[in-house]
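Please take a moment to look over the sequence and the fold before reading on.

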Amino acid sequence: MSTNASDPLAALGGLPGVAEAVDSVRKAVDRVYGHRVMRRRGNEVASEAALRGARGSAALSGADWALEEVRRRTDFSGEDEARTVGAALRLTAESGQLLSIWRQSPLRVLARLHLVAAGGAAPDDTVGRPRLAGETVDEPLITAPLPDADEVAGRLDALSGLVLTGSSAPALVMASVVHGELLALRPFSSANGLVARTAGRIVLVGSGLDPKSICPAEVGHAELGRAAYLAAFDGYLSGTPEGMAAWISHCGRAVELGVRESTAVCEALQRGAA
């Protein structure tokens, strides 16, 4: 993939279909932010978006619960699915507290996200740090070859450098690359998918595209389905212009579906207030 050495993400914005995806996402986000309900009840919309986003991320990690079950449940200990849903909810709640740290130390944020996802339940010292040589990864959804620990460390440093340096690339491109790279690396012993999707959300919020976090891409990814998610991710793994464009465009569609979900929440709140 040919990129500008000083801004390696910039070229991605010019790939076929990516500019259209970026423009479509921007228009969709602008529409929901312009909804009359957002002026008075934006916090309620954000809270509902957080819940639905967490539910969507958990579904992609194998815990496909009905929204009302997520809303009703108070105990997320016990079986694996409950722990996955609990981890997704904790990550969503934590992500808003990490924006300023992300801009200064992305690796610190990733470590914190893994610690939050683990919820203090792990009995060993793998929580909150990238895996070492010989350590295993529990991530059944992603079956692509696992990079070794040295490659993970180098690519995490490179990803951190991209975030710290900044880019002229659109927020959708940066968020898609952060998401895809963390899925590819699976740097932690567990919960890599949950962490990757949360990091992508942090980018979208911190970039100013979705400052109130009301456009949950996780909802869209879940709606598009795990098969489509993995097929698009294969494009990211290929590293080809066509594959990268397919992944970014898929992430853009997920954001738009998240916008549609929050627009429906706005409409429901408006009807209830009428």
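Two residues are said to be in contact, or to touch, when they have heavy atoms within 4.5 Å of each other. By that rule, and not counting residues up to four places away in sequence, W102 touches V109, L110, V163, V178, A199, I202 and V203. This is a predicted model, in which local features need pLDDT of at least 70 and side-chain atom pairs count only at pLDDT 80 or more, while totals for chains, interfaces and linings use all residues. Residues are numbered from 1 along each chain as its sequence is written, and side-chain values use heavy atoms, with hydrogens and water left out.

W102 also has a place in the largest nonpolar core, which has 84 residues and in which W102, L110, V178 and V255 touch the most other members. Such a core is a set of buried Ala, Val, Leu, Ile, Met, Phe, Trp, Tyr and Cys residues joined through side-chain atoms within 4.5 Å, where buried means under 20% relative accessible area (exposed is over 50%, partly exposed in between, with a 1.4 Å probe and protein chains only).

The axes of helix α6 (residues 106-118) and helix α9 (residues 192-206) come within 10 Å and cross at roughly 130°, the axes being lines fitted to C-alpha atoms over the stretch in contact, with angles from 0 to 180 degrees between N-to-C directions. That angle makes α6 oblique to α9, because angles under 35 degrees count as roughly parallel, over 145 as roughly antiparallel, 65 to 115 as roughly perpendicular and the rest as oblique. V109, L110, L113 and H114 of α6 meet V195, T198, A199 and I202 of α9 in this contact.

Elsewhere, S160 lies in helix α7 (residues 149-165) and is buried, with a relative accessible area of 10%. Leaving aside its neighbours within four places in sequence, S160 is in contact with P106 and L107.

Which residue lies 56 residues from Y236 in sequence and 6.5 Å from it in space, C-alpha to C-alpha? That residue is G180, and G180 is also among the residues that Y236 touches beyond four places in sequence, together with V177, E181, A184, G243, M244 and W247.

Methods:
Helix = DSSP H or I, 4+ residues; strand = E, 2+ residues; numbered from the N terminus.
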